[in-house]
There are 2 protein chains.
Amino acid sequence: MILTVTLNAAIDQTWIVPDFRVHAIHRSRRVIRQPGGKGVNVARVLHALGTNVCATGFVGGQNGRWMMKALESDGIPSDFVWIGKETRTCLTFLDPDHGTQTEVLEPGPTVSEVEWHQLTAKVATWAERSSMVACCGSLPPGVPEDAYGELIRIARSRGATVWLDTSGKALQNGWAVRPDGIKVNQDEAGHLLGKVVSSRAETIAAARQLVRDAGQTVIVTAGVQGLAAVVGGETYWVTPPTVQAVNPVGSGDAFLAGWLSATHQRKSREEALALATACAAANALRETAGIEKQQVSVLLKEVRVEKVVD
Amino acid sequence: MILTVTLNAAIDQTWIVPDFRVHAIHRSRRVIRQPGGKGVNVARVLHALGTNVCATGFVGGQNGRWMMKALESDGIPSDFVWIGKETRTCLTFLDPDHGTQTEVLEPGPTVSEVEWHQLTAKVATWAERSSMVACCGSLPPGVPEDAYGELIRIARSRGATVWLDTSGKALQNGWAVRPDGIKVNQDEAGHLLGKVVSSRAETIAAARQLVRDAGQTVIVTAGVQGLAAVVGGETYWVTPPTVQAVNPVGSGDAFLAGWLSATHQRKSREEALALATACAAANALRETAGIEKQQVSVLLKEVRVEKVVD
């Protein structure tokens, strides 16, 4: 069982808007709504891969009710804490004419202290039955600055391995507690290390440095370039398949889901990195976050995983 | 009593997004949601002006339920037809840094034939007790092309005066049935007449031509320039106050509400045009559609109404 934690869940809306421009009036062709937030996206892909998962976090209001219904009808198991405020909405505008993708994120609802304690209790309970816990995304107002640190300590004390996928201050605070693994992009790695991370060599060096500093497993993604992974002392570089991305939103979450699923099934590191990368590529082919399992199988053959030995 | 009809109602969301750009990720500062659609906006301003009003139209789904609750808590009387599909959402992004305003409208839900007949019956019932009916906005999929023509005939046969405020094909079809009044902008007037309407002289000429062709009262708005009105054979030009617009969405609806309210109270044409124009200006000063009555009183003194006698 894998538990995903989404403290700042959202309804993700993807609006298809031809010729999207600032200071103009547009008629959208179509709007697709689905439950979102990074941990929810991870749970969706884990479920699609056939891995036992439960999604938790905070939901509230009318949007929260809609979200619970939608997760249920998608068959994704969940156990969220109900809060007094309304779950937020995040918007993505896809312009099929120019290939642009514009995102607007609503600020999250404020979580009360009581609600936060309900969440930590829930994570404690679920961590008992989970081999892995994935802590994903930004922090809503109201939770402690060190929210992820606290969750990592709780989950680990119940015997679960904890992965952290977040950014900014939440990442820094969580990182200080040494989660079992982190997935960061080049900017976030650079932020943690206080330097620019851009080339392949810098990406590999950053992953190694982060492992030396505190971590066990570190993955630093470099967009379409690929990614560096340091796992059990070994360093890998992964080159993804070339795809015509429709919407890359959620590809990082699909990556993490693929990685967790494969690790959960005790696949080799190379297999796990390849599956994760294929999931990320498959996610980018869709208008909304998620994967088609069949596309993952096809893309898997085009992923190149190499051990870095210098 | 004035009845407003909104066939394509929406939840209007105003997102405050600094430095709004295409192909970027933004964190919105704030999101304001309120019931919308042109007729709903007209009803809100009529209510704020203290005029007896009822709003009708189609609503459905979770958004419809939210809308009914919000109208009720704002004290705006309504009697909508419930439909099987979900009420749409319309988005406006206000960028306080650059003063841009970007709108994205969702396509409306499809209305069934039975639902359309329920609406015509409701309009017939309410028109009996209303002196005026305002038919506002676009047509959702599923209603007849000549929806406004049918509503105009129904309302008129019950003794009500009918105003039409729409665009494109819906306007052309409604116009053919000769509503008692129309409010169009320069583009729409140009579309009806098959010519360009841009200058003050062209705007006045267009209003007069439309009255000669079919109408009783015609108002052609020209944005910040002002507007031309032909009422009871007399032509007027109205110059609005200069305001620093925050969000002009809904100003046309506020104008119509001011006009209907004043006409309902049998004020003079000049007074009605001035009140309508002050309402439009007051609406533009807010982030969302609606007026502060006190601001209307202040702005009223700055409106200039002149009779055109050439």
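Apart from its neighbours within four places in sequence, Arg286(B) is in contact (heavy atoms within 4.5 Å) with Val246(B), Asn247(B), Ile291(B) and Glu292(B). Arg286(B) belongs to the loop between α9 and α10 (293-300) of chain B, where helices (H or I, at least four residues) and strands (E, at least two) are DSSP runs numbered from the N terminus. Its side chain makes a polar contact with the side chain of Thr288(B) at 3.3 Å; a polar contact is a pair of N or O atoms within 3.5 Å, and within protein one must be able to donate a hydrogen and the other to accept it, while residues adjacent in sequence count only if both atoms are side-chain atoms. Between Arg286(B) and Gly250(B), 36 residues apart in sequence, the C-alpha to C-alpha distance is 9.9 Å.

The model is predicted, so that local features need pLDDT of at least 70 and side-chain atom pairs count only at pLDDT 80 or more, whereas totals for chains, interfaces and linings use all residues. Residues are numbered from 1 along each chain as its sequence is written, chains are lettered from A and ligands numbered from 1 in the order in which they are written, and side-chain values use heavy atoms, with hydrogens and water left out.

In chain A, the UniProt record (unreviewed entry) places the feature "domain: Carbohydrate kinase PfkB" at residues 7-290; UniProt positions follow the numbering used here, feature names are shortened, and annotations may be inferred rather than shown by experiment. This span is 39% helix and 26% strand, and its end C-alpha atoms lie 19 Å apart.

At the interface, 29 residues of chain B are in contact with 29 residues of chain A. The two chains bury about 2,700 Å² between them, 59% of it on carbon and sulfur atoms; buried area is the accessible area (1.4 Å probe) that two parts lose on being put together, summed over both. Val22(B), Gln62(B) and Leu105(B) supply 20% of the area that chain B buries against chain A, more than any other three residues.

Polar contacts between chain B and chain A join 16 residue pairs (both at pLDDT 80 or more). The elements giving two or more residues to the side of chain B that touches chain A are β3 (25-27), β4 (30-36), α2 (61-73), β7 (88-95) and β8 (100-105) of chain B. Of these, β8(B) gives the most, with six residues. By class, this side has 13 nonpolar, ten polar and six charged residues, where Ala, Val, Leu, Ile, Met, Phe, Trp, Tyr, Cys and Pro count as nonpolar, Asp, Glu, Lys and Arg as charged, and the others, Gly among them, as polar.

Strand β3 (residues 25-27) of chain A pairs with β8(B) in the parallel sense over three bridges, pairing requiring at least two DSSP bridges between two strands. Within β8(B), Glu103(B) is the bridge partner of Ile25(A).

Two salt bridges cross the interface, a salt bridge being a side-chain nitrogen of Lys or Arg within 4 Å of a carboxyl oxygen of Asp or Glu. One salt bridge joins the side chains of Arg33(B) and Glu106(A) (3.1 Å, N to O). Over all chains, 29 salt bridges are found.
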